[in-house]
Amino acid sequence: MKKIIILCLLLIVYLNVHAQFSLRGTIKDIQNNLPIPSAIVSIPNTDVSTTSNEDGVFELKSASNITMISVKAIGYEKKDVSISEYKNEIMIVLQPTNLSTGEIQVESNMKRNIETPQSIGYLSREDLNRDIGINFQNTMNLVPGVRMQFRNLGSGVLMSIRGYGVQTNFNGNGYKAYYNDISLTDADATTALDEVDYTNLGNVEIYKGPSSSIYGANIAGTLIMKTEKAPWGTNVSLTGLAGSYGLFRTNTGISVGSEKLNLFINYGHQQADGFREHNTTKEDFAIVNGTVYIDSKNTLSFFGNYSNVYNSLAGEQDSATFLNNPTHADTQYVNNDAHIKSESSRIGFSFEHLFTKDFKNKTTLYAGFFMQDQPSAVGLTRANKSKFGARTTFNYSPLIGSVPTNLTFGGEFLQNINFQKSYGLVDTKLGALRGDQEIKPMAYNVFGQVDVDVTKSTLFTAGASLNFVEYNVSDMIAGSPTHVNASGYKRFTPVVTPRVAINQIIKGLFSVYASVSTGFTPPSTSQVLITQLGKVNLDLKPETAVSYELGTKGDLLDKKLSYEVAAYLMNVNDKLVTQNFAASGTTPAYSITTNAGQVRYKGIEGKISYAYTPANSNIFALVRPFVTYTYTDNKNIDFKSDNNNNANTKDYSGLKVAGVAPNVINAGLDVFSKQGVYLNLTYSWTDEIPVTFNNQHFAPSYGLLNSRLGYKKNIAQIINLEVYCGADNMTGSTYATELFLNPNDNHFFIAGPNKINFYGGANLSYMFK
């Protein structure tokens with residue numbers, strides 16, 4: 001009997017010693033929900049650890065119960081996770097490190113970047129905060145090949161990629177934009193960025209060149225913006241900023257970050273007197289951004305925002321006024337109290353489901369509503385717009401034989417319902433009704449792309465999309481002897497846009513790639529409608545493009561030196577051109593659009609940065625100099641003022657494309673100390689820019705020197721404090737924040753402040769424990 005008892009006790013001891021407790025989980029990036037490979041998961045004060053695989057999945061085994069784990073990965077803040085009750089599987093999200101512009105984060109981003117055969121600009125949260133923060137264009141213009149302009153502080157945004165999209169003068173054209181998975185681009189391919197609160201962006205990606213095999217109709221590229229995510233824990237935050245010309249900005253936020261929920265809520269208010277006369281701005285923003293991590297296979301995200309914006313318009317200036325009296329406002333704009341008053345809201349839901357480890361789907365549904373009142377120098381436009389859309393993307397990553405393959409396919413649908421009225425307006429007195437239209441543009445596409453790892457270091461990509469665009473215009477004014485009904489319907493011929501690319505990764509450090517891609521841009525409804533006359537132009541065709549790109553990018557010198565170089569050639573056919581007509585008698589000034597030929601876009605883009613992290617320094621944590629350069633040689637091949645080909649037709653063939661600088665150089669220095677002090681310096685030089693199709697007028701070259709100095713401090717692990725100050729245009733250069741191309745009155749310029757601009761602010765957050 002004693003022997004049996006002893007044997008039982010020995011067996012119990014043996015089982016306890018050799019028992020295995022197992023914890024399985026998935027580690028993802030809190031900003032983009034992508035898996036984080038090579039993360040180290042360990043049990044504190046033990047030698048037990050493991051590493052996550054390419055899918056971010058890990059399995060940790062221990063002889064004792066697991067109650068606490070520590071997770072760390074290159075480019076992310078270390079995180080300790082308490083396992084309050086035993087679980088078989090958990091989800092962990094990591095926050096990118098605050099030194100995201102340094103070598104640590106560059107390595108993490110570059111790994112994904114070198115695997116993509118396309119030039120991509122990436123901006124982290126720290127990159128977006130290199131200067132004042134609300135001037136999104138200051139940071140965007142550091143990306144080679146990208147130019148962002150604006151009429152007022154953060155509004156009236158006009159963006160171009162590789163010189164494409166500048167010639168519309170109003171709104172964006174030729175690129176797709178997504179804001180937390182919601183399309184900002186309307187069904188007529190125009191994009192308005194004014195309702196985005198740039199102070200709360202977490203990261204931005206710019207895919208340069210046609211991305212139509214995934215994103216449908218576009219020629220210039222794709223802009224993807226994500227709002228920042230909540231840090232771990234429950235936090236309240238308050239930020240304040242004040243600067244020259246009556247600038248004042250506040251943000252008040254609350255956030256919750258946990259294993260199951262990430263919730264960010266913020267209200268922001270912004271106002272400024274403006275540099276010019278009749279240039280005030282007042283804006284209010286509200287954001288709700290959340291993600292529910294249901295389990296390791298299901299994630300639900302939701303986003304909603306509201307904006308109320310009022311911007312006075314000072315109008316364009318001629319060369320003499322721009323150089324000698326840049327604060328002056330156009331008299332017609334002032335007399336009509338020209339402004340943009342808008343109110344908008346949008347809401348969207350995204351559901352991501354992992355069917356198996358190789359097959360997943362993400363589906364987004366969204367709606368948006370927009371109201372605008374806009375008196376201008378020549379009239380008044382009032383609009384009410386509704387937008388409804390959906391996008392679904394499937395991703396399947398099987399092994400075909402022994403060849404890793406990734407298949408992406410899906411579809412997108414977008415419908416706008418716009419009501420728009422236009423009136424005459426003289427000295428703020430409302431005139432006759434010129435137009436009253438109900439406009440229903442609709443766009444939808446299906447897309448597919450396959451990526452095949454031909455070898456372990458060679459990737460071949462092929463894809464295409466099939467795109468449909470329809471416009472339905474209803475003239476709400478009854479036909480009469482004095483009014484011809486301008487209703488119409490236009491269904492453009494479906495367009496197929498293929499893309500092929502090959503990418504060779506060398507030694508896991510850098511890649512060389514080549515691609516051929518196609519894209520198209522349909523005429524916008526503003527180009528189809530002649531609002532000043534209340535007429536419709538349904539004879540327009542879409543612009544089409546073929547783009548060739550060759551590039552290389554990677555990390556060298558122990559992954560401290562990062563570089564990207566891309567050369568491209570893009571031919572655009574059926575180029576749309578705007579013709580401006582001066583007022584005559586009872587006919588107001590107006591513009592019409594026509595297809596007028598072929599344009600060639602050609603250039604080279606380069607970026608290089610070096611992240612120096614002194615190993616033995618007690619002061620410096622990171623010193624990073626960088627340089628970006630854009631060379632552009634865009635020319636009109638067969639480009640005319642119209643397609644009438646008569647004595648009045650003007651031939652611009654062989655001339656430079658208006659609105660594009662031949663050379664742009666940016667140089668910067670980022671310094672971070674171990675004590676929390678940081679310094680950002682940037683110098684940007686822009687070459688002279690032709691502002692007329694005949695190249696007879698140019699905007700002068702200019703340079704801008706900007707700086708920001710700040711201090712960050714974490715107090716007792718619960719308070720984060722940041723104070724900063726800065727100065728823009730430290731050399732007092734004369735420059736335009738936006739160029740108005742080819743006007744009939746030679747008013748090209750919207751002047752920016754030609755004096756040094758100072759600002760300062762503070763950010764404070766408190767975490768409840």
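# Notebook: strands, ring pairs and charged pairs

I began with Val236, which is found in strand β17; I take helices (H or I, at least four residues) and strands (E, at least two) as DSSP runs, numbered from the N terminus. The model is a predicted one, in which local features need pLDDT of at least 70 and side-chain atom pairs count only at pLDDT 80 or more, while totals for chains, interfaces and linings use all residues. Residues are numbered from 1 along each chain as its sequence is written, and side-chain values use heavy atoms, with hydrogens and water left out.

I looked up the accessibility of Val236 and noted it as partly exposed because its relative accessible area is 31%; buried means under 20%, exposed over 50%, and partly exposed in between, with a 1.4 Å probe and protein chains only. Not counting residues up to four places away in sequence, Val236 touches Gly253, Ile254, Leu764, Ser765, Tyr766 and Phe768, where contact means heavy atoms within 4.5 Å. I also checked Asn706, 470 residues away along the chain, and found its C-alpha atom separated from that of Val236 by 30 Å.

Which strands pair with β17? Strand β17 (residues 233-243) pairs with β18 (residues 247-257) in the antiparallel sense over 11 bridges, and β17 also pairs with β50 (residues 757-768) in the antiparallel sense, over 10 bridges; two strands pair if DSSP finds at least two bridges between them. The strands β17 and β18 form a hairpin with three residues between them, and Tyr245 in the turn has a positive phi of about 60°.

**The open sheet**

I next followed a sheet of five strands, which is open, has the order β8-β15-β16-β12-β13 and is mixed in its pairing. At its edges stand β8 (120-123) and β13 (182-183), each with a single partner strand, so one side of each is left without a neighbour in the sheet. Within this sheet I looked at β15 (residues 201-208) and β16 (residues 221-227), which pair in the antiparallel sense over seven bridges, and there Leu201 has Thr227 in β16 as its bridge partner.

**Aromatic rings**

How many aromatic pairs does the structure hold? I recorded 22 of them. One is formed by Phe355 and Phe359, which are stacked at 4.9 Å centre to centre with 25° between the planes; rings of Phe, Tyr and Trp (its six-membered ring) pair if their centres lie within 6.5 Å, and planes under 30 degrees apart count as stacked, over 60 as edge-to-face and the rest as tilted. Phe355 counts as partly exposed at 38% relative accessibility, and Phe359 is likewise partly exposed, at 24%. I then traced a cluster in which ring pairs link Phe355, Phe359, Phe394, Tyr396 and Phe409.

**Salt bridges**

A search of the whole structure gave me 26 salt bridges, each being a side-chain nitrogen of Lys or Arg within 4 Å of a carboxyl oxygen of Asp or Glu. Arg382 and Asp373 meet in one of them at 2.7 Å, N to O; Arg382 is partly exposed, with a relative accessible area of 40%, whereas Asp373 counts as buried at 19%. Glu438 and Lys440 meet in another, at 3.7 Å, N to O, with Glu438 buried at 16% and Lys440 partly exposed at 33%.

I also noted the salt bridge between the side chains of Glu470 and Arg491, at 3.4 Å, N to O. Glu470 lies in strand β29 (residues 458-475) and Arg491 in strand β30 (residues 488-491), so the pair ties together parts that are 21 residues apart in sequence. Glu470 counts as buried at 13%, while Arg491 is partly exposed at 40%. Finally, I found Arg162, Lys208, Glu549 and Glu605 linked in a network of salt bridges.

**Two loop residues**

Thr731 is found in the loop between β47 (719-728) and β48 (736-739).

Asp687 has its place in the loop between β43 (677-686) and β44 (689-690). Setting aside neighbours within four places in sequence, I found Asp687 in contact with Ala661, Pro662, Asn663 and Ser701.
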